[in-house]
Amino acid sequence: MPAAPRPAPDPAVVLTKATLRAAEQLGLSSADLATVIGVSEATVSRLKSSGRAIQPQTKEGELALMLIRVFRSLDPLIGGDDGKRLQWMDSYNKGLLGSPAQLIRKADGLVRTLAYLDGMRAAT
């Protein structure tokens, strides 16, 4: 008897889980994450308690996707090392003219950080 097909995962739930995981791995607090994706801290709390999900087609969804891409671009560059990841996020970067943890708080800084990391990955 063949197994019953699984329902497709909800993109909003997947995006929410990936965003929370990326934020954790990048050393972002709930307040930091709220600032990055443009929501309140209460909303981040609801995201964590599964009371709310990030819809991919919204502005917060776009910013969340970029945050995930920052994590996914940085991780191979530092060899998956948690300490190096946190150090990179908190250190001043001459190429970015600031610390990534501070820059990603604004949309233009998030985009710049992502472009920088994409360039670094292309160079390796």
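# Close-up views of the chain

**Figure 1. Leucine 97 sits in the loop that runs between α5 and α6.** What you're looking at is a predicted model, where local features need pLDDT of at least 70, side-chain atom pairs count only at pLDDT 80 or more, and totals for chains, interfaces and linings use all residues. Residues are numbered from 1 along each chain as its sequence is written, and side-chain values use heavy atoms, with hydrogens and water left out. Back to leucine 97: its phi is near 60°, a positive value in a residue that isn't glycine. Most residues other than glycine have a negative phi. Leucine 97 also counts as exposed, because its relative accessibility is 64% (buried is under 20% relative accessible area, exposed is over 50%, and partly exposed is in between, using a 1.4 Å probe and protein chains only).

**Figure 2. Serine 50 has a positive phi too, at about 65°, although it is not a glycine.** You'll find serine 50 in the loop between α3 and α4. Is serine 50 buried or exposed? Its relative accessible area is 66%, so serine 50 is exposed.

Figure 3. Read from the N terminus, the elements go α-α-α-α-α-α-α. The C-alpha trace spans about 55 × 35 × 25 Å along its principal axes. There are 124 residues in the chain, and 39% of them count as buried. Take the contacts (heavy atoms within 4.5 Å) between residues at least 6 apart in sequence: 56% of those join residues at least 24 apart.

**Figure 4. Helices α2 and α4 pack at an angle of about 120°.** Two packed helices are described by the angle between their axes and the distance between the axes. Helix α2 covers residues 30–37, helix α4 covers residues 59–77, and their axes are 8 Å apart (each axis is a line fitted to C-alpha atoms over the stretch in contact, and angles run from 0 to 180 degrees between N-to-C directions). On the α2 side, Leu33, Val36 and Ile37 make the contact, while α4 brings Glu60, Leu63, Ala64 and Leu67. Sort those residues by type and you get six nonpolar, no polar and one charged (Ala, Val, Leu, Ile, Met, Phe, Trp, Tyr, Cys and Pro count as nonpolar; Asp, Glu, Lys and Arg as charged; the others, Gly among them, as polar).

**Figure 5. Now a look at α2, where Asp32, Leu33, Ala34, Val36 and Ile37 are buried.** What covers these buried residues of α2? The cover includes α1, α3, α4 and α7.

**Figure 6. The largest nonpolar core has 32 residues, and Leu26, Ile37 and Leu67 touch the most other members.** Such a core is a set of buried Ala, Val, Leu, Ile, Met, Phe, Trp, Tyr and Cys residues joined through side-chain atoms within 4.5 Å. At least two residues of this core come from each of α1 (11–25), α2, α3 (41–48), α4, α5 (82–90), α6 (100–103) and α7 (107–123). Which helix gives the most to this core? That's α4, with eight residues. Setting aside residues up to four places away in sequence, leucine 67 touches Thr19, Ala22, Ala23, Leu26, Leu28, Leu33, Val36, Ile104 and Leu110.

**Figure 7. A search of the whole structure turns up one aromatic pair.** The rings of tryptophan 88 and tyrosine 116 have centres 6.4 Å apart and planes at 25°, so this pair is stacked. (Rings of Phe, Tyr and Trp, the last by its six-membered ring, pair if their centres lie within 6.5 Å; planes under 30 degrees apart count as stacked, over 60 as edge-to-face and the rest as tilted.) The pair links distant parts of the chain, with tryptophan 88 in helix α5 and tyrosine 116 in helix α7, 28 residues apart. Tryptophan 88 is buried, with a relative accessible area of 18%, whereas tyrosine 116 is partly exposed at 26%.

**Figure 8. Threonine 113 lies in helix α7.** Its relative accessibility is 0%, so threonine 113 counts as buried. Leaving out neighbours within four places in sequence, threonine 113 is in contact with Val70, Trp88, Leu96, Pro100, Leu103 and Ile104.

Methods. Helix = DSSP H or I, 4+ residues; strand = E, 2+ residues; numbered from the N terminus.
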